Amino acid sequence: MRLAKLFMLTTFFCAVSLFSVGNADALDEWIFVDIEPYSNTKLVEHEWWTLNPGDSTLSRLPIDEVGEFDGPDGKVEFQIIDGAIVVFGTNAAKWPKAVEDIVVGGQAKFVYFFHATGWEQNGVPSYKFVMHYRTGKKEELGMISSFNSDDWCHDGNALEDDNSVWGWILKEGGPCGHAGLITTKWENPHPGDWIETIDIVSLELASVPIIPAITLGEATLAVDPAQKLAITWGSLKGPHRW
């Protein structure tokens with residue numbers, strides 16, 4: 001019995017060790033936020049800003065694939081679907097003023113937003129991302145044309161923000177004959193806290209934001225280590241009597 005107990009304890013501590021290594025490795029991977037349940041427009045054979053049939057440069061994105069795009073400090077992976085999230089701007093007032101409670105449910109050192117606007121509003125924030133944490137805290141990232149955001153057809157414009165770059169540009173497709181999307185890196189000030197949800201909120205100005213993808217960097221969606229260890233220990237103990 002003593003030998004059996006020793007074997008089970010050894011197995012448990014090996015499991016703990018393997019979990020710790022696996023968790024560390026997971027932090028180096030990209031994790032894609034699933035925006036499909038919140039998507040309200042189409043990219044292929046549609047004008048994303050009206051949803052009318054038509055052409056759009058964004059239809060040339062790698063639809064239904066994971067693509068590598070430029071970021072402020074190297075390549076960033078985004079999961080692209082035939083869809084995106086659009087929120088209100090006065091030039092396209094049909095869209096909702098906010099898309100809220102986009103489920104994240106994980107920890108991340110960085111959040112990468114893939115985005116642009118139709119039209120623009122220079123000098124002031126025209127939309128924002130709001131991150132809600134498990135502990136009740138929240139953080140906001142304001143988006144300003146020519147700083148960390150811009151009109152999708154202004155793909156030649158410089159961005160003042162060091163954490164934002166044109167991540168993808170293509171010189172074809174309607175309605176401008178060219179367009180692009182911006183990659184913005186946001187460093188999470190609470191990397192040990194779990195981001196439960198993200199809101200995308202219009203500030204009801206001229207810009208019409210489009211967000212085709214969100215990626216977490218150095219992140220994990222795994223169960224809390226304490227919970228996982230409790231589950232492992234409970235399963236090891238099971239009904240055994242030593």
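Okay, let's start with a pairing: strand β5, residues 98–118, is joined to β10 by five bridges, and the two run antiparallel. Strands here are DSSP runs of E, at least two residues long, numbered from the N terminus, and two strands pair if DSSP finds at least two bridges between them. Quick caveat before I go on: this is a predicted model, where local features need pLDDT of at least 70 and side-chain atom pairs count only at pLDDT 80 or more, while totals for chains, interfaces and linings use all residues. Residues are numbered from 1 along each chain as its sequence is written, and side-chain values use heavy atoms, with hydrogens and water left out.

Now K128, which sits in β6. Its bridge partner in β10 is V201. Beyond its neighbours within four places in sequence, K128 has several contacts (heavy atoms within 4.5 Å), among them L141, M143, I200 and L203. The side chains of K128 and E140 also form a salt bridge, 3.3 Å from N to O. By salt bridge I mean a side-chain nitrogen of Lys or Arg within 4 Å of a carboxyl oxygen of Asp or Glu. K128 is in β6 and E140 is in strand β7, residues 138–144, so this pair ties together parts twelve residues apart in sequence. E140 itself is partly exposed, at 40% relative accessibility.

How many salt bridges are there by this rule? The count comes to nine. One of them is R60 with E172, at 3.1 Å, N to O. That pair links distant parts of the chain, 112 residues apart: R60 is in the loop between β1 and β2, and E172 is in the loop between β8 and β9. R60 is partly exposed at 33%, and E172 is partly exposed at 38%.

Last one: K137 and D193, with their closest N and O atoms 3.0 Å apart. Here K137 is in the loop between β6 and β7, and D193 is in the loop between β9 and β10, 56 residues away. Buried or partly exposed? K137 is partly exposed, at 34%, whereas D193 is buried, at 8%.

Technical notes
Helix = DSSP H or I, 4+ residues; strand = E, 2+ residues; numbered from the N terminus. Buried < 20%, exposed > 50% of the residue type's maximum accessible area, 1.4 Å probe, protein only.
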